[in-house]
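Let's walk through this one together, question by question. Here is what we'll be looking at.

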Amino acid sequence: MLTAMTGPTESRKQRAARRAGEFPPAPPPLPRPVLDSHTHLDITVAEAGAPGGDTTDPVAAAIGVAATVGVDRLVQVGVDVDSSRWGADVADRYPAVLATVALHPNEAPRLADLDAALREIETLAARDRVRGVGETGMDFFRTGDDGRAAQEESFRAHIAIAKRYGKALVIHDREAHADVLRILDDEGAPDTVVLHCFSGDADFARECVRRGHLLSFAGTVTFGSAAALREAAALTPIDQLLVETDAPYLTPMPHRGRPNASYLIPLTVRSLAETTGADLDDLCAAISATGDRVFGPW
């Protein structure tokens, strides 16, 4: 049924601005289920709402929409004490969700009492459905020299927590590749290390692969300017590869700039299949198995 227009016709620029805040349409489903290894449901809901527009239970809505395209498991990632506690509680409530807990590297220098916050993170890390410690690491893009000592202190503490509780270490590394590896060498890396939203080149990828770390690729691998990132993905064995959204950020092409959510993972997986030359079915199976190996059964 046609409805009457209640306002002036939108210009192309106005329509583009309005649609920038809308979730993109769902892609075709994957042939096998995979996980989203790194998402921020709390930030997604706060900044963009829920995919499908269901506001009664936006977390359930996000999980449900993702499941329709073959993304049946999510890892909710903490960036401070509050979001880590929220994520741990969500993981207890929703069987499709596991959690990781941490202080983001850009959060650490802002804290008046870093030690107290780290104690809170350690308490949360002991919970059963918290399966990782992260995102932690080093960020030289947003934090200047005056904050790097606090970042490093926090990173070292998170490494120790991950090792004490046998949890995966999920690393945020932005323009700090050499320092991340230096600190891992100093402290001794946990058994499982995930480089979230991998942003290095082929040489860094080779070194991470050599060390047995996992490389998690986000929607950035689909960007036209990301040839170096695709080169890194192409040399990563599929059993050391994960895929993530980092939602609501880093939306894959062709929807860059619009809100991201777990149901858009198929776009990144198909791009990785093309980049690596792997059969899509085999790649999905490998990503799924690696997710279970890293984070444990859901």
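**Salt bridges and strands**

By the rule used here (a side-chain nitrogen of Lys or Arg within 4 Å of a carboxyl oxygen of Asp or Glu), the count comes to 21 salt bridges. This is a predicted model, where local features need pLDDT of at least 70, side-chain atom pairs count only at pLDDT 80 or more, and totals for chains, interfaces and linings use all residues. Residues are numbered from 1 along each chain as its sequence is written, and side-chain values use heavy atoms, with hydrogens and water left out.

Q: How many residues apart in sequence are the parts tied together by Arg93 and Asp57?
A: The side chains of Arg93 and Asp57 meet in a salt bridge at 3.7 Å, N to O. Arg93 sits in helix H4 (residues 81-93) and Asp57 in the loop between helix H2 (41-48) and helix H3 (58-68), so the parts they tie together are 36 residues apart. Helices (H or I, at least four residues) and strands (E, at least two) are DSSP runs, numbered from the N terminus.

Q: Is Arg93 buried or exposed?
A: Buried means under 20% relative accessible area, exposed over 50%, and partly exposed in between, using a 1.4 Å probe and protein chains only. With a relative accessible area of 59%, Arg93 is exposed.

Q: Which helix holds Glu120?
A: Glu120 and Arg85 meet through their side chains in a salt bridge of 3.3 Å, N to O. That pair links distant parts of the chain, 35 residues apart: Arg85 is in helix H4, while Glu120 is in helix H5 (residues 114-125).

Q: What is the N to O distance between Asp89 and Arg127?
A: Asp89 is partly exposed at 40% relative accessible area, and Arg127 is partly exposed at 25%. Their side chains meet in a salt bridge, and the N to O distance is 2.9 Å.

Q: How many residues of strand E4 are buried?
A: Strand E4 covers residues 130-139 and is mostly covered. The buried count is 10 of its 10 residues.

Q: How many bridges join E4 to strand E5?
A: E5 spans residues 168-174 and runs parallel to E4. Asp139 stands opposite Arg174 in E5. The number of bridges joining E4 to E5 is 6.

Terms used
Pairing = 2+ DSSP bridges.
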